[in-house]
Structure formats: C-alpha cells, structure tokens
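Please find below a short note for the discussion of this model. It is arranged as numbered points that may be read alongside the structure.

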Amino acid sequence: MKQPWLITINSYSRIIALSMVSSIWQLQENYKKMKNIQKYIILFMAYLLLMSCDKEFLDNAPTDKYSDDVVWKDPKLVDLFLGDIYGNMPSIYDDVKSYLESSFTDESESSWTWHSAHKVNRMEYGADFPVKWKGFYATQIRQCNLAIANLHKSEFDEEYSNYAIAQARFLRALFNIHNYLNWGRFPIIDKPLTLEDDLAIPRGSTEECIDFIVADLDEAAKDLIIKANLNQSEYGRATPEACYALKARLLLNVHDYEGARDACEQVLTYNYTLFPDFSELFLPENDNNSEIIFDKQFSSYVSYNNHSFDDYELVSYFKNGGNGGKTCPTHNLVEAFEMSDGKLWNESPLYDPTHPYDNRDPRFYSTILADGAVYKGITVDLKLGTVFNLTNRRPTPTGYFLRKFLNPDYDYNLYDKVTNYQNSPIIRLAEIYLIYAESQYQLGETEVAREYVNKVRERAGMPDILTSDFTFESIKHERRVELAFEGERWNDARRWQEGAEIIGAEIYSVLIEDDEQGNRTYTKVLLEDRAWDDKMYWWPISQSEIEKYPEGVLEQNPGW
C-alpha cells in the first residue's frame, strides 16, 4: 500500500523542477485533483523558490522570515517541508540514472561505456569526479537545520514539536552518514547559516563527526514513534529502530564493535522478523514488510516521485527497446554463490560445468539473471546476438544481467499508467544480523556470530555453517551474497582494508557459445584488471568546493 502523506509531500518536491519548465496553468492541472491542500500550494511554492534563490556557497541566504511567516505556524506545511527532505534521501534506486555504486566494486560492470564507474575502475579520476561533496550541505542539511531551529521556537504543542524535530535530526544524521562514508570527516553544521555567520567551517575531527551523528540519532530516537505504532499511511517516517540501525551501520564502519553490538541489540528488541521468502522480499506488493527497518518510499505516477530502476535495469527485450541491462553482475559474484550443499562451485560434487547455474544458493536466482533463467515465463538466452543480448543495444559485458529489486509486473509500454513502484531499502533486519555477527566476532563471541549468520542462511534455504567451519571469511561471504547491490560493498572494502581485492580486483565474465554439436559452453574470461590505490578509500572533495574556502581551510582527502 502506498502512502498518501508521501504522495502529497513528494508532489511538492516536484514543484521546483516543474516551475522551471511549466506554466502556471500546467501546475494547476497537475494539482487540481489534490483536495484539502490547494490553499497551501502558492505559499509553499513561493517559500521553496525563495529558499532556492540563494548563494551557491552553503545555501546561505537568510530565509527565516519566510519560515516564520509561512511554514512554521502550520503543522501541515511542516509535514510537507519534512516530506520534501524525505523525498531527497539518497537511495540505490535513485543512483541508477547516473551510477549504481556496485559498478565501482567487484559486484558489477556497467554496460554503458560512458559510465562514470569506468573512470573509477581505471583510476582515471580526480577532484573533478562527479560524486559531488556539496550537495547535501546546500540543500538537505540546511533544510534539516531550518526545521530544528524554527520548531524549537514554534508555538506548536510540545509533543508535535518534539516529533517533528526528531525527524529532522534523524534525517540530518542520515545525510551526514552518507557524507562520512563517502568523504570521511565533514564540516559540522548544526544551524541554518546566514551571511552574518562564518561560512568557512573546516572539517571536524573523526571523533567529532561520529559523536555528532550519534548524538542526533540518540536524541531523535527518544521522540520518534516505533513502526508498529504508525498508521500504514505514515510508513516511511523515521522510527527509533531506524535510528539504532543506522547507528549500528556507522559504528561498525568505524570499528566501534561494542557500540555497533549495542545498537544492534536495541534494534533486536523491536518486532522485526526476516521476511520468509528472499525471492519476494523486494517486490512492490511486499513493501513495508516485517524485515524492512527503513526505506525510501515511492508512490504513484501522480506523486512525481518515482524511480527509473526497472527502466534502466530490466533487459531491453522485455521492454521493447528501453534502457535495460545497465548494471551487469560479474562472474566474480556468480562464483561467490555457493552450491545448495553449502560448498563453493569448485569444491562441490553438485557442480556441472555444462549446467553451471544449477543447484545454487537460492538467492542466486533472485539476484542474477543468468543464461537459461526463466523470467516472466520466458527462458532467457544470453549468448551474444540473441534477442535478449543484442549486439547493437548495450549487450552485457559480463554474460549476466541484474535481477534483484526488479518488479516482474513492470511494463515499459505502460510507464505513464503504472501506479505502483517498489520502495528502495535503506536498511533491513538481515543486515542488522550481519552487523551483529561481525561485531560479536570481533569481540570474541564467535558462537553468537555464527548463530546470526546462520539465521540469514536458514531464511535463504542454505545449510548452517558448523562451528568447525566458521571463520571471519564466513561473515564476509554472507554479506557479499545477501547484501549484493545494496550499496555496502565499498564500505566493506574500506573496513576490511581489502580495496585491492574488492575494488581493484581482476574482473571476470563468462563467454557463452555453442559447440559444433549444439551444446552450450561457458568459459571464464578475464574482462578487466582494475586499478587500485589506497587513496581511493575516500572520494576526493571537488576542487571547486575547496576553492570557495580561504586557502587551507577545507582539506582535501589524502592522496588527492
């Protein structure tokens, strides 16, 4: 079920873009069916447009007078304001238009030759790389700070004010986690800046940045509503368990294993369970299921807040000429999926080189579209030149296409009529189990770690790992197959200091051919020997941003 509050909110996040290309009449047409909020359209649009007419440097125009006069006296407008921030959260479904982070790692290779990931793979990028530093400071973090500052002095009742402030603090933490896990230390900005403020704020220390994020999450958790107590129409809002889950992810990545363990244990006190069928976990009809702790909500076409994931990732054959097949899983990842007996392909008697995809971990079939797979009732033939893998329509360079997250009911030809887009997961219970396992392992609690890894495997239909066989590699392996394409592989590489093995790996594809007897053959082929340098653990800060500061104030990341 989609969320009416997000349909309303995200429609307003579209206003700014529409106002640049549409007439007032067109705006009225877009919103004429929206009841009960028409009187807010002109005021809220004016507020957002005034807020957007700022100096590019940290979005520093003084807009308090508009906030005080318009938004901060009406809870409906406050909800719209917060909803606009929710609508701009980063997610893997949004990233697909420009890059899917998996193609920076050994998970995938992009079929698009101009794709920015190819520059990363060859280490042909510098401080001009299009992963931009400033975005969240100029917009979303400033919006969070505006909300917090104005709600503290608003005349709303205390319960509502505290709830709204808690959501803004959660969102500020989410954006700052994204900043930290991409660039490391960041300028700590805890108020809406004006021209009277010192705008040349240096990056905080690692400890200060982590403490700032954790404080936001801990404070937010006190006044948020648990998911079990939300109405269905309110799904997608921040919750205490989402605070603890993101805290666990952050603390794991800074090697605070006790903190990550404790945060996981707080999440585990809530009523979340693994969704019983991994193959159906991400389908739109199962949005907001028992495993999803926090996600980005997408609504109907009317909301103007839809993603293009299916359009970019579904094989073109099924969409009559769409953009599909952009992110192509590597043969490296295929080999990581065990056989159904729990052994790797080169150790298991179940492996048959003439049918290499038979008898695999069930998650393989829900993650990767391989030759011979059945999708939408059709058997896929991925030999180069077939209708599924046309030579003139971005064929897969690896021999595989992505299947995870796709909606099998999506129809490219009915794009304008589709009313249900699947939500984008941000964090789910299986990841918490694996964070907990890694933390406990690092703290010497090996059996607890094994128990939680096996919980994830049991849901997948895989055999338990025995005590005698359980190692840290077991945890790393489970993260790789369970969380494939969910955006955590780069963080894993940094945390484990395995950039050369994960990001700078030799990348393999499969060559699919038919021999003289018509039998299909599969040959492992070296596709690319990727480059690596330790400076790549952190993205470079855009040089244009550094130049906006007085010399020496905004430090570049080491090596760049």
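Predicted model: local features only at pLDDT ≥ 70, side-chain atom pairs only at ≥ 80, totals over all residues.

1. Packing of α18 and α20. Helix α18, residues 429-442, packs with α20 at an angle of about 165°, and their axes are 10 Å apart. Since angles over 145 degrees count as roughly antiparallel, the two helices α18 and α20 are therefore placed in that class. Their crossing is left-handed.

2. Residues in the helix contact. On the α18 side, the residues that meet α20 are Ala430, Glu431, Leu434, Ile435, Ala437, Glu438, Tyr441 and Gln442. Their counterparts in α20 are Phe472, Ile475, Glu478, Arg479 and Glu482. Sorted by class, this contact comprises seven nonpolar, one polar and five charged residues.

3. The β9 and β10 hairpin. Strand β9 (residues 506-514) pairs with strand β10 (residues 520-529) in the antiparallel sense, over nine bridges. Tyrosine 508 has leucine 526 in β10 as its bridge partner. Five residues lie between the strands of this hairpin, and glycine 518 there adopts a positive phi near 85°.

4. Histidine 331. This residue belongs to helix α16, residues 331-336. Which residues does histidine 331 touch, not counting those up to four places away in sequence? They are Tyr400, Tyr508, Ser509, Val510 and Lys524. Histidine 331 has a relative accessible area of 9%; because buried means under 20%, histidine 331 is classed as buried.

5. Phenylalanine 485. The loop between α20 (472-482) and α21 (489-495) contains phenylalanine 485. Although phenylalanine 485 is not a glycine, its phi is positive, at about 70°. Is phenylalanine 485 buried or exposed? Its relative accessibility is 2%, so phenylalanine 485 counts as buried.

6. Histidine 255. A positive phi, near 65°, is also found at histidine 255, a residue other than glycine. Histidine 255 lies in the loop between α13 (240-253) and α14 (257-267). Its relative accessibility is 40%, and histidine 255 therefore counts as partly exposed, that class lying between the 20% limit for buried and the 50% limit for exposed.

Conventions
Residues numbered from 1 in each chain as written. Heavy atoms only, no water. Helix = DSSP H or I, 4+ residues; strand = E, 2+ residues; numbered from the N terminus. Buried < 20%, exposed > 50% of the residue type's maximum accessible area, 1.4 Å probe, protein only. Axes fitted to C-alpha atoms, helices over the stretch in contact; angles between N-to-C directions. Parallel < 35°, antiparallel > 145°, perpendicular 65-115°, else oblique. Left-handed = near helix turned anticlockwise from the far one by under 90°. Contact = heavy atoms within 4.5 Å. Nonpolar A, V, L, I, M, F, W, Y, C, P; charged D, E, K, R; others polar. Pairing = 2+ DSSP bridges.
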